[in-house]
Amino acid sequence: MWLRTSCTLSFSVLSPTPFILMLRPRSGAQQWVARESYTMQPSVPVVEFTDGYGNLCQRLIAPPGQFSICTSADVATSDAIDVAPGAPFDEVQNLPDSVLTYLLPSRYCESERFFVMVNDIVKNIAPGYDQVACITDWIQRSVCLNPASKHDYMSATEVNQRREGVCRDFAHLGIALCRALCIPARMVVGYLYGLEPMDLHAWFEAYVGGRWYTFDATQGSPRGGRVAVAYGHDAANVAIFSQFGPALSPTVMQVAVEILDAPPD
């Protein structure tokens with residue numbers, strides 16, 4: 001399927017403010033970016049770099065006054081995600097070097113605190129994909145999805161205690177539980193067609209059976225129509241904007257995903 005994604009951010013800037021943005025999806029095995037638009041008002045010099053996770057990042061200094069960023073992309077992606085019941089657990093010694101980092105505890109995913117709990121959740125479940133599916137089902141049953149949650153960024157431990165959160169929090173808990181089983185897991189931020197209410201979305205991927213698979217405990221069934229923008233250990237690595245200096249919040253944030261009837265010209 002072809003999707004057109006867009007995101008508009010506006011800020012009221014009081015003094016020259018350095019930003020790092022992460023708003024450009026990249027082409028890969030799961031998606032193809034055919035067209036992009038990336039504009040800023042007022043126009044400022046931008047330097048792009050690729051971070052340690054392969055994400056496309058833009059550095060700039062926003063001038064005082066109203067500052068806006070508008071992005072859009074036409075992307076070919078699958079209308080269904082791959083599922084693989086029975087896909088086996090990958091022994092740590094056989095994992096690719098690039099995957100090993102996603103076994104480690106991280107700022108928001110304290111996997112070392114979940115060994116006992118996760119083994120109770122997946123008791124009698126075959127190691128590998130089926131365990132991750134079981135974890136995803138357990139989160140869906142046990143944690144209340146509240147898009148209006150006022151909690152700040154929560155770690156997996158806090159989400160487990162409060163049993164409420166947004167998509168980012170669901171992903172943190174899923175990642176921590178997977179890593180506690182020595183299953184590599186990483187966070188993804190991007191777009192999901194048909195999401196209600198529409199916003200940027202977070203989910204996680206787990207590495208089983210020799211590849212990454214998508215899991216999303218906020219959805220009742222496996223759903224495609226996803227455009228990934230950023231990957232990382234947890235939310236600390238996938239912020240769509242980071243600004244340095246006095247705290248700023250967007251005065252406007254508009255996100256849209258629409259389906260295209262035909263590939264872009």
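Predicted model: local features only at pLDDT ≥ 70, side-chain atom pairs only at ≥ 80, totals over all residues.
In helix α3, the residues Y129, Q131, V132, C134, I135, T136, W138 and I139 are buried, where buried means under 20% relative accessible area, exposed over 50% and partly exposed in between, with a 1.4 Å probe and protein chains only. Residues are numbered from 1 along each chain as its sequence is written, and side-chain values use heavy atoms, with hydrogens and water left out.

Let me stay with α3 for a moment. The helix covers residues 129-142, which is 14 residues, and helices (H or I, at least four residues) and strands (E, at least two) are DSSP runs numbered from the N terminus. From its first C-alpha to its last, α3 reaches 20 Å, close to the 20 Å expected at 1.5 Å a residue, the expected span being 1.5 Å times one less than the number of residues. Its buried residues pack against α2 (115-121), α4 (156-162), α5 (167-180), β10 (201-208) and β11 (211-215).

What links helix α3 to strand β11 across 84 residues? The structure holds eleven aromatic pairs, and one of them, Y129 with Y213, is edge-to-face, at 5.4 Å centre to centre and 85° between the planes. This pair links distant parts of the chain, with Y129 in α3 and Y213 in β11, and both Y129 and Y213 are buried. The rule is that rings of Phe, Tyr and Trp (its six-membered ring) pair if their centres lie within 6.5 Å, with planes under 30 degrees apart counted as stacked, over 60 as edge-to-face and the rest as tilted. Ring pairs also link F11, F19, F67 and F241 into a cluster.

R211 lies over the face of Y213, at 4.1 Å from the ring centre, and the charged end of R226 sits over the ring of W203, 4.8 Å from its centre; the criterion is NZ of Lys or CZ of Arg within 6 Å of the ring centre and within 35 degrees of the ring normal. Both W203 and R226 are also among the contacts of T214, which, leaving aside neighbours within four places in sequence, touches I81, F204 and E205 as well, contact meaning heavy atoms within 4.5 Å. T214 itself lies in β11 and counts as buried because its relative accessibility is 15%.

Turning to the cysteines, a disulfide is a pair of cysteine sulfur atoms within 2.5 Å, and the count comes to zero.

Finally, the backbone. Most residues other than glycine have a negative phi, and most peptide bonds are trans. The bond from Q41 to P42 is cis, with omega near 0°, and P42 is in the loop between β3 (31-41) and β4 (47-50). The bond from E196 to P197 is cis too, with omega near -10°, and P197 is in the loop between β9 (185-192) and β10. R163, not a glycine, has a positive phi of about 55°, is found between α4 and β8 (164-165), and is partly exposed at 33% relative accessibility.
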